[in-house]
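The account begins with the surface and then turns to the core.

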Amino acid sequence: MSGDGATEQAAEYVPEKVKKAEKKLEENPYDLDAWSILIREAQNQPIDKARKTYERLVAQFPSSGRFWKLYIEAEVNILFYFFLYRNCNIHCSDRKQIRNIDK
């Protein structure tokens, strides 16, 4: 089926609060309230979608250890998940606990 990727992108929902935050950042790229909204949204996204937001964040605030920590934790969480869930022999009850870590 051709065009599935384009349809998926077009159908991707962007919350109104995220749109407003992006607009605020166009006016003031240092608006911490707007960044907070984007960070919260990124924390609820898979890392492949959130990575762009984190990269923008640390590019805007390169000396902020707090923001680098958020980005690193998001990357480490996905590595932790793949290491434990995908590569190790884990009992079924342990898999349920690992799934809950992501939530």
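In this predicted model, the accessible surface of the protein chain comes to about 8000 Å², and carbon and sulfur atoms account for 53% of that area. Buried residues make up 25% of the 103 residues in the chain.

The secondary structure consists of 6 helices and 0 strands, so that the pattern along the sequence reads α-α-α-α-α-α.

In soluble globular proteins, nonpolar side chains tend to be buried together. The largest nonpolar core of this chain has 18 residues, and those with the most contacts inside it are Trp35, Leu38, Tyr54, Leu57 and Phe67.

Two residues show the surroundings in detail. Leaving aside neighbours within four places in sequence, Leu38 is in contact with Val18, Ala21, Glu22, Leu25, Thr53 and Arg56.

Thr53, one of these partners of Leu38, is placed in helix α4. Is Thr53 buried or exposed? Thr53 has a relative accessibility of 17%; because buried means under 20%, Thr53 counts as buried. Beyond its neighbours within four places in sequence, Thr53 is in contact with Trp35, Leu38 and Ala42. Of these contacts of Thr53, Trp35 and Leu38 are also among the residues with the most contacts inside the largest nonpolar core.

Conventions. Residues numbered from 1 in each chain as written. Predicted model: local features only at pLDDT ≥ 70, side-chain atom pairs only at ≥ 80, totals over all residues. Heavy atoms only, no water. Helix = DSSP H or I, 4+ residues; strand = E, 2+ residues; numbered from the N terminus. Buried < 20%, exposed > 50% of the residue type's maximum accessible area, 1.4 Å probe, protein only. Areas by Shrake-Rupley, 256 points an atom, 1.4 Å probe, with all protein chains shown as cover. Core = buried A, V, L, I, M, F, W, Y, C linked by side-chain atoms within 4.5 Å. Contact = heavy atoms within 4.5 Å.
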